[in-house]
Amino acid sequence: MKSHLLFAASALAMNAGTAQADMNFNRISSFATPANMAAGEDMSRETSAEIIGASEDGMTLVYTDSPLGVIGLIDITDPKNPQPKGNLNVGGEPTSVTVIGNTAFVAVNTSESYTKPSGKLVSVNMADGSITGECDLGGQPDSTAHDHAGTVVSIAIENERDEDLGDGRTGQLPAGYMSTVGISNETMDCATTKMIDVTGLAEISPEDPEPEFTDINSLGEVAVSMQENNHIVIMNAAGEVINHFAAGSVDLTNIDTKDERAALTFDQSQMGRLREPDGLQWIDDNHIIIANEGDMDGGSRSVTIFHKDGTEVFETGADFERPIIQAGHYPDKRSDAKGAEPEGLEVGTYGDTTYAFVLGERSSTVSVYDVTDPTKPTFEQLLPSGIAPEGVIAIPSRNLFVTANEKDLIEDKGPRAHVMIYELQDAPAQYPTLISEGADELIGWGAISGMVADDDGMIYAVNDSFYSFQPSIFKIDPSQTPAKIVDVIRVHREDGNPAQKLDMEGITLDGKGGFYVASEGRTDRLVPHAIYHVEADGLIKAKKGEIGLPPELLNFEKRFGFEGITRVGDTLWMAVQREWKDDPKNTVKLVAYNLETKEWGAVSYPKTEPAKGWVGLSEIVAHGDYFYVIERDNQIGENVVTKKIYRIPAAEMVPAALGGDLPVVSKELVRDLVPDLQSFNGYVVDKVEGLAITKYGEMFVSTDNDGVDDSSGETFFWSIGKM
């Protein structure tokens, strides 16, 4: 009988606000892979962290970096302050690594072509970085694993297909196979290398198996997933196949299968979706867990546990994605493919509890399950990772686990590839900071931009144009930890359809139960710079609901328009993000519009000279005797300089007529937000975009996760206390 996660009833889901006595995993540090390059190397080259291992004492990490053709080593003697130990060229493309004692065994692809695959297993002394041996594997390797005694390494020889041939289907020879290499005292004996035939087993392309992921239990039994063949094989220590079975399929309901609408709608289904598992791990000597990423025809967005006899004992179904959706990590652009894509896996026992760590490649998350009873797993936590986590290693002896995140966005001036370290702590979970769990409906969200606080303590936030077919106002209860989205208002026109041509970047209250939102225009996409009045139910009335900008502004407009809006009496104030054509360098307008007289005006704000890239405003909030703005650069990670809150005396906010000289206001630093962002122990994100101040003066800040598109998906929502 199958067991299913009952997320709606689970008290464990995303328990970031639990008591101090609860044990939780928290991220404690991160390591950018370019730090392992030697002095004088070209740091702009693409690098990566894919599969990761750890020395027996848990003090040194090793990861594969296929773009550079190296393995990287990291000293984690102090896991909160990882240090580079450099890269080592392994003479090909490293695909996987497993560690026995202090020796890393690295699978290396040396293939000339798809039809002439080749590879080797390389052993490396992790203490001094020297290569101690090489064994020919005869084909293109994928994953590796070693037995508990350290006497054998198992290698999945995939001999992957050419996806540009035959519609990318299997059936392209040479076939893959399994291989084992004997180990004695951390030394390979190439003469013991075995090639194990696994053809003729799967129903799908039995002549062309593509072994993907392998693991070994304490009995020496080898399990392997064959993703494209949708099959699982179990072998004994002698390399004999003792069982094999199809991975099967899943009926998925309440999922999002369309990405072209830029909307999160979880009302579709996929019946009979093949699992096509990637990651595979033994939980104990009888049960294996698989991550159903999918490849050719499938991808069930789920996690499954089988008994080794082929009996299915647990299946998450679509429930795997639910906490991801509720934490704002759902990757909508992957909806028509395989959603969050559970891929990498690791299992580790910490004290009396056995945990499974499941990597969501596209959601950039780690889903943590208690699998102590493999037939009744419970979801424990959702953790953030770097972009596209690929590998994970558990280090229970130090209460740690580590992820390797392969995506390097150097070409797009984005975050670099990272290794991230987590610790099991007697402390509350630090992440997520904002969730929609507990709402009456499943609310997907992301790309949070402007915010405003109501007198009852609730905060309203808008999403930006990433979700252009689903403009929304989210109602947030900040009194809970994590803060909770308790309701959503869909912004629509009089015909009932979602309002189009909006890029909502700011929101303020109208004093009558509704809102004013600032929309950042983009002329080349026919999105107007405008202010909209949104009624309490989300309606924008035709004509009456839109306030267009006057020629005195539009004649000088640029792409980067309103980022934030606030109301003082009958006057709306909007912050323009960056200089328009008539602004002196390093100044931007704070624009005023009087709702009664219909008059426009502005003052000039002196923003910070950028050290690199650009600096602009992303929010404006009036409270008491001051106006508060967020000033930020577009830098990320180690390059950040400016993520700050400034205040302007309200007495200086006296608008002058447009078209003439504008008075320049003064500013005073309230808070540097970089230390706050660093405290989350990942890379520092760029888009600090939301600020809300309650009537009691407590300030809440939020970040924009770009809809989980070339982003780790992390949204940080936090209080910086009273002013």
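I'll start with Leu553, which is buried at a relative accessible area of 2%. Buried here means under 20% relative accessible area, exposed means over 50%, and partly exposed is in between, with a 1.4 Å probe and protein chains only. This is a predicted model, in which local features need pLDDT of at least 70 and side-chain atom pairs count only at pLDDT 80 or more, while totals for chains, interfaces and linings use all residues. Residues are numbered from 1 along each chain as its sequence is written, and side-chain values use heavy atoms, with hydrogens and water left out.

Back to Leu553. The residue sits in helix H2, residues 551-554. Helices (H or I, at least four residues) and strands (E, at least two) are DSSP runs, numbered from the N terminus. What does Leu553 touch, leaving aside residues up to four places away in sequence? The list is Trp580, Lys589, Val591, Trp600 and Leu658, where contact means heavy atoms within 4.5 Å. Gly659 is 106 residues from Leu553 along the chain, and the two C-alpha atoms are separated by 8.3 Å.

Next, the nonpolar cores. A core is a set of buried Ala, Val, Leu, Ile, Met, Phe, Trp, Tyr and Cys residues joined through side-chain atoms within 4.5 Å. The largest has 39 residues, and Phe25, Phe357, Phe401 and Ile645 have the most contacts inside it. Outside the four places on either side in sequence, Phe401 touches residues including Phe25, Tyr350, Phe357, Leu383 and Tyr422. Another core, of 19 residues, lies apart from that one; Ile305, Ala340, Val358 and Leu382 are among its members.

Two strands pair if DSSP finds at least two bridges between them. Strand E22 (residues 302-307) and strand E23 (residues 312-315) run antiparallel and are joined by three bridges. The bridge partner of Ile305 in E23 is Phe314. The hairpin of E22 and E23 has four residues between the strands, and Gly310 takes a positive phi near 100° there.

A second hairpin is made by E10 and E11, with five residues between them, and Gly150 in its turn has a positive phi of about 75°. Strand E10 (residues 141-146) pairs with E11 in the antiparallel sense over four bridges, and Ala145 is opposite Ser154 in E11. E11 also pairs with strand E12 (residues 177-184), again antiparallel, over six bridges; Ala156 stands opposite Met178 in E12. Why is E11 largely enclosed by the rest of the structure? Because five of the six residues of this strand, residues 152-157, are buried.

Now the disulfide, meaning a pair of cysteine sulfur atoms within 2.5 Å. The count comes to one. Cys135 and Cys190 form it, with their sulfur atoms 1.9 Å apart. The link joins distant parts of the chain, 55 residues apart: Cys135 is in strand E9 (residues 130-136) and Cys190 in strand E13 (residues 187-196). At -90° about the S-S bond, the link is left-handed. Cys135 counts as buried at 1% relative accessibility, whereas Cys190, at 36%, counts as partly exposed.
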